[in-house]
Amino acid sequence: MAENITLTIDGKQVSVEAGTTLLKAAEQIGVEIPTICFHEATTANALCRICVVEVEGQRLLQPACILKAGADMKVRTRSEKVVRARRTILEMLASTMDLSDAPEILTMMDEYGANADRFPQAERRESEVKDDNPMYIRDYSKCLLCWRCVQVCAEDAQYTYAINFEGRGYETQIGTFFDRPIPETTCVLCGQCVGVCPTGALKPKREYLLEQGVSPAEISVMNTGRKRRAADKRG
Amino acid sequence: MPEIDTSTSLTPLHPAIESYIPLGRSGLLPALHAAQKVYGWLSEEVAAEIARTFHVPLADVHGVIEFYSLFYNEPIGKRIIRVCTDPACALKDADGLLNHFCSHHGLEPGQTTRDRTLTIEASPCLGLCELAPAALVNDEAETNINLQTDSYDLGRPPSMVYGPIRLLTFNCGDGTTSLAKYGEYAALQKARGMKREDVINEIKASGLVGRGGAAFPTGVKWEGAFKAEGNPKYVVCNADESEPGTFKDRILLLDDPHRTIEGMCIAAYAIGANKGYIYLRGEYPYILPVLENALREARGAGYLNEDFDIEIRLGAGAYICGEETALFESIEGKRGFPRVKPPFPTTHGLFGKPTVINNVETLCNVPLIVSKGAAEYRKIGTEKSPGPKLFCVSGDVAKPGLYEIPFGVTLRELLDMAGGVANKRKLQAVLFGGAAGAFATLDHLDVKMTFEDLRAAGLPLGSGVVMVFDETRDMRDVLKRLGHFFAHESCGKCYPCQMGTQRQKEILDRIAAGKMLEGDLERLQDVGWTMTDASLCGLGQTAASAVLSAIKLWPELFKEEGGRVKDEERGEKKEVRGKKIVAKAKAVKAKVKTQNAKKRTTKTVKSKTPSKKTKSDKSKPGSKKKTARKPAKKR
Ligand SMILES: Cc1cc2nc3c(=O)[nH]c(=O)nc-3n(C[C@H](O)[C@H](O)[C@H](O)COP(=O)(O)O)c2cc1C
Ligand code: SF4
Ligand code: SF4
Ligand code: FES
Ligand code: FES
């Protein structure tokens, strides 16, 4: 089965096993392709499109995270079109959400010369911090809709199905059934979602409280003292 | 399990959804539709009960309700008026109409009267463009609305069908064609006497390509599904027709449902499918009984039987569900997110099985090809674009309607057939192919309408939209509406389109309002190119198509000093489409969000003044639709 395929990436030839994605093939020769939504532990949905590359003969840019290497493919990972798409996606992200807890994306922005203020008067996706359970907080102003939390909560790991999507298009947000607080959902507080979240949108409660200036001593009282914080912001 | 407030009696729910239970998750949309018919909206209790009954996770059910514009998780009026504000209707003062309705009832678009008798919403194109301005009033089409004369047509929309040939539309224009009148499925009988491969070869030889927008060779598609491993196989008819400006499938289905059904039967025979679906857009509820009756007739005559039968699925307000893989997801009871391709539907389609999905018009060509034979069929049209083609002509023409012509007729000839530009004005532009299309101008009048000539001219045939704008029209306003359409309809899955349609809309809003910022043109282009190049599906890939074509044709429109347009006249009325008004409010100031989840749909107006309340109260009982909101009569 392990048939090999030879292709060219940025002018360099590389031989990979059949079934290898362009992302992995590029890695083998030290060509780095940026990713946002891709994660080893979740099913790839190819939705952020930051990994797009130009494949000779194809009109559209192709997502390297899922496209399988093909024999004699000629791939360009930094063509003008590619860079324009990546830069614009990053600029749109910056005009949409709070990237302060997403250092990797900030680094990417530097790399692609993306201007965080490219889109003036843009409507941002903002929401208040949801602090409704003892384990983690949800700050969807920082959510970049990578879908990973929904995926690990469902078939990719936990089969709990506590969260899904609300709205559609630009107004899409991650949410629970009729916005119920986490303790009133099927959530088992496994923390898998927090583990895969690439930004600070899902954050361990402790970390969040420390950031808010709450002292470790106070936190330990809270944690041992009661199951749910009474001072829920939601009310 | 948390406690559930059971203020709503669940007793009537079960009889309404029972028949869908065997469908499992795939029965979710039908069940939600049925529940909404009973209760008017989908409350938390009802949604939870449906989740339990269908063994679908609660959060998923909520996610599905949230995705589709026609599902409401907050009470709405007993009567709901959806006024189309897309370009063809806008030319006929749809905004004025909407404002008129709204002010009469003291509502803002998207709001419900306090007594819950009435909700008024702005809507994307309703597929009634040739009868503009148009609205959908509950399940009925209201067309040719004229406030001056206080007249309109309510009920079955009239079919205006023209053209030098009447092959696909042979039975159109005179009410629904019964099976008795349609006659026996002669082409199906002929096909069944042939080998499956020969049927496929005949379709291949005919040169038929898909009429849903992508122009993929139909025979090749069928062959793929025929050869694909996997059982069962499906035939799906794409009747989601939601491309602004498109209404051909509405007329084909309403006037001649058997032609589509026969086409599906032939496809099923060719690929060896034993199950078919017709996915009908949710805004065509009035076609549903017609189709159901036609299916009954076809069953009665034995054309549909245990070897092959067809089920109808009703969409629920999502343009994206016309995209084939999103459509499959929707039938499967999910949010209409397009899938990554490959794999393609021919091998991994509906329920992951080999599937042929074709547009209504494509399927209507099939009986014609089989009965005539490919060679004879190819005598229609041109060498490279054989066959008849339907064009949906709307906007500023004297005779808007459905035109059946052979491929190869020029745009000028088509417009002449349609009586030319209305009111003796001059032509400014034609939106060609739909919202996802491009603009043509006077320079394109002699382009032959064939796939090859149009491609050379940079005009996508799309779904056959020819929307005409006269010299007086403000193209910035048209672009703004297209921008709003795509922002409203993006599914939100992939970044370029999810954010790009929003940014594009914002910039087009500024341009239309004469408030362009420095650098907006470059922003618009970068966003447009990025969506085109990098989006996951056809929606994002074409969401900037018309805008980019306009930039090429009319660079002056995108200059800051360019003509200011009656700013306050078109008043930045906020995004007014149904749920969206609240959805937007949510995005901007989600801070105000309370834990009460019922936030995303229409708001109930806390009547500010007693007079308003009286007004809306008046509209309630008995008062005929007409008087209910035609102050023209009252004032
Ligand atoms: C956003 C989007 C919307 C679409 N809407 C429709 C539609 O309403 N009807 C349709 O037949 N095809 C629609 N299509 C095209 C379908 O994906 C598919 O190509 C078509 O149903 C195939 O049938 P055909 O080969 O007979 O054209 C749409 C595509 C996209 C990307
Ligand atoms: S909350 Fe985090 S993991 Fe979930 S979609 Fe948003 S960014 Fe991704
Ligand atoms: S292009 Fe738009 S509609 Fe298509 S998957 Fe991306 S976000 Fe969804
Ligand atoms: S990393 Fe490939 S699309 Fe997101
Ligand atoms: S029905 Fe209004 S534009 Fe189509």
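How much area is buried between chain A and chain B, and what percentage of it do carbon and sulfur atoms give?

## The interface between chains A and B

The model is predicted. About 5500 Å² is buried between chain A and chain B. Carbon and sulfur atoms give 57% of that area. Three residues of chain A stand out: A:Arg168, A:Phe177 and A:Phe178. Together they supply 17% of the area that chain A buries against chain B, more than any other three residues.

The contact can also be counted by residue. On one side are 57 residues of chain A, and they touch 67 residues of chain B.

## Polar and charged links across the interface

Between chain A and chain B there are 32 residue pairs in polar contact, with both residues at pLDDT 80 or more. Six salt bridges are counted between chain A and chain B. One pair in a salt bridge is A:Arg168 with B:Glu489. Their side chains meet at 3.1 Å, N to O. A:Arg168 is also one of the three residues named above for buried area.

Which elements of chain A give two or more residues to the side that touches chain B? They are α2 (80–96) and β7 (164–166) of chain A. Helix α2(A) makes the largest share, with ten residues. By class, this side of chain A has 26 nonpolar, 13 polar and 18 charged residues.

## The parallel sheet of chain B

Chain B has an open sheet of four strands. The order is β10-β9-β8-β11, and the pairing is parallel. Strands β10 (309–314) and β11 (355–359) of chain B stand at the edges. Each has a single partner strand, so one side of each is left without a neighbour in the sheet. On average, neighbouring strands are turned by 20° against each other, direction ignored.

Inside this sheet, strand β8 (residues 234–239) of chain B runs parallel to strand β9 (residues 275–280) of chain B. Six bridges join the two. In one position, B:Tyr234 stands opposite B:Lys275 of β9(B). Helix α12 (residues 257–271) of chain B lies across β8, β9, β10 and β11 of chain B. The helix runs at about 150° to β8(B).

## The mixed sheet of chain B

Another open sheet of chain B has six strands, with mixed pairing. Its order is β7-β13-β12-β16-β14-β15. The edge strands are β7 (161–162) and β15 (438–440) of chain B, and each pairs on one side only. B:Leu431 has B:Phe439 in β15(B) as its bridge partner.

Two helices of chain B pack on this sheet. Helix α19 (residues 475–489) touches β14, β15 and β16 (465–470) of chain B. The direction of α19 makes about 155° with that of β15(B). Helix α23 (residues 545–553) touches β14 and β15 of chain B. The direction of α23 makes about 40° with that of β15(B).

## Salt bridges in the whole structure

Over all chains, the structure holds 49 salt bridges. One of them lies within chain B, between B:Arg82 and B:Glu121. Their closest N and O atoms are 3.5 Å apart. B:Arg82 lies in strand β1 (residues 79–84) and B:Glu121 in strand β3 (residues 118–123), so the pair ties together parts of chain B that are 39 residues apart in sequence.

Notes: Residues are numbered from 1 along each chain as its sequence is written. Chains are lettered from A and ligands numbered from 1 in the order in which they are written. This is a predicted model: local features need pLDDT of at least 70, side-chain atom pairs count only at pLDDT 80 or more; totals for chains, interfaces and linings use all residues. Side-chain values use heavy atoms; hydrogens and water are left out. Two strands pair if DSSP finds at least two bridges between them. Axes are lines fitted to C-alpha atoms, for helices over the stretch in contact, and angles run from 0 to 180 degrees between N-to-C directions. Contact means heavy atoms within 4.5 Å. Buried area is the accessible area (1.4 Å probe) that two parts lose on being put together, summed over both. A salt bridge is a side-chain nitrogen of Lys or Arg within 4 Å of a carboxyl oxygen of Asp or Glu. A polar contact is a pair of N or O atoms within 3.5 Å; within protein, one must be able to donate a hydrogen and the other to accept it, and residues adjacent in sequence count only if both atoms are side-chain atoms. Ala, Val, Leu, Ile, Met, Phe, Trp, Tyr, Cys and Pro count as nonpolar, Asp, Glu, Lys and Arg as charged, and the others, Gly among them, as polar.
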